[in-house]
Amino acid sequence: MISQRPWVTTTIDHAFLHGAIEVEHTSHGLLPHRLPAWARAQWFDPQLFMVEAQPSGVRLSFRTQATAIELDTVPTKRNYLGMPPRPDGIYELCIDGHLARQGSVQGGHILHIDMAKGTMETQAGAAGTLRFADLPEGPKTIEIWLPHNETTELVALRSDAPITPLVDSRPRWLHHGSSISHGSNADHPTGTWVAKAARLAGVNLTNLGFGGSALLDPAVARVLRDSPADMISVKLGINLVNTDLMRLRAFGPAVHGFLDTIREGHARTPLLVISPILCPIHEETPGPTAPDFANGEMAFRAAGNAAEMGTGKLTLSVIRQALVRIVEQRAATDPHIHYLDGRVLYGEADYATLPLPDRLHPDAATHQLMGERFADLVFSPTGPLCLK
């Protein structure tokens, strides 16, 4: 039903956005970023530029009595050469904390990606409109979660009643990780394991999970250092194997330096270091990780050789052993640092019933399982990120 009330257009600004680090003014409107411009300027990596602008965990939050809401956006769809079209990104509307509606925006830009050549090319497109109608009467809190895997420029926000920004007073959880934290293979934005855990625990999420880009970058550590947080978690390891970026000799000091930087801004904030979840192709075989199109679908394989471990190449088992040592060493003088073995979230027994569809990323059901386990283990009254 079309609302009979007069429409109100609200200027979208940072006050309405939760989970974004910075907002860029574009020719269309506002583009939420999960890394600030100064950090993005420190290196050229098209992969990182793409994933940090995908608004995983970012949502518009406000109070209103509106029964109809429209949001104009310019999405950026991804098209992988030789692969079936990807589904449109999902927007989710929550009312007073409960998921109520889902929708997608047609049109927008198209990012053509050639995985074999490592190239990307953008085809420009136009804005589309997301519409949520027949909402319940009366005052309510609205959250519109943006697609976790689709870059979204915000153009206009309309409603049939005024809206006011929401001040979120819940404890602030700042998380950093890889594509698994970003939400790869989750099928909707509140379905990523990080969002699931945050919603179960009732915390205010900022998700700095970047697909393929959790690489111990000093700039990312400085962003974590400078961002407000009541609790922090960092999930480290898998992307260092994927990219074959460093050897064991460099890994230990790099982790220490990363954590040292975080501690410069959060000396006593609860800090959880999480090792990789189970990934059989890389448990004992080093990277790099290579795409595998043998069955006509996107999958991955380990392209390294186990014999190279003697030269210091990293595997997931090596990384877990190193992280345990690092956290134990630091805990002697830092009582607020903790360690979690990622296989507690997804391990061998889970792999037997919920295998990784592409051999690297969990599916939607596994994201839900991981989020529930994380909330139970980590945010419980005795958990490492419980605010005593």
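What follows is a short talk about the labels used for this model.

Modeller: Happy to! This is a predicted model, where local features need pLDDT of at least 70, side-chain atom pairs count only at pLDDT 80 or more, and totals for chains, interfaces and linings use all residues. Residues are numbered from 1 along each chain as its sequence is written, and side-chain values use heavy atoms, with hydrogens and water left out.

Colleague: Why is L216 called buried?

Modeller: Buried means under 20% relative accessible area, exposed over 50%, and partly exposed in between (1.4 Å probe, protein chains only). L216 has 8% relative accessibility, so L216 counts as buried.

Colleague: And what makes D244 partly exposed?

Modeller: D244 has 21% relative accessibility, so D244 counts as partly exposed.

Colleague: Why is helix 4 called oblique to helix 11?

Modeller: The axes of helix 4 (residues 193–201) and helix 11 (residues 364–378) come within 7 Å and cross at roughly 40°. That makes helix 4 oblique to helix 11, since angles under 35 degrees count as roughly parallel, over 145 as roughly antiparallel, 65 to 115 as roughly perpendicular and the rest as oblique. Axes are lines fitted to C-alpha atoms, for helices over the stretch in contact, with angles from 0 to 180 degrees between N-to-C directions.

Colleague: Which residues of helix 4 meet helix 11?

Modeller: W193, K196, A197 and L200 do, and their partners in helix 11 include H367, M370 and F374. Contact means heavy atoms within 4.5 Å.

Colleague: What makes strand 16 and strand 21 edge strands?

Modeller: Two strands pair if DSSP finds at least two bridges between them. The open sheet has 5 strands in the order 16-15-17-18-21, with parallel pairing. Strand 16 and strand 21 (337–340) each have a single partner strand, so one side of each is left without a neighbour in the sheet.

Colleague: How do you know that strand 18 pairs with strand 21?

Modeller: Strand 18 (residues 271–274) and strand 21 share 4 bridges in the parallel sense, and at least two are needed. L271 stands opposite I337 in strand 21.

Technical notes:
Helices (H or I, at least four residues) and strands (E, at least two) are DSSP runs, numbered from the N terminus.
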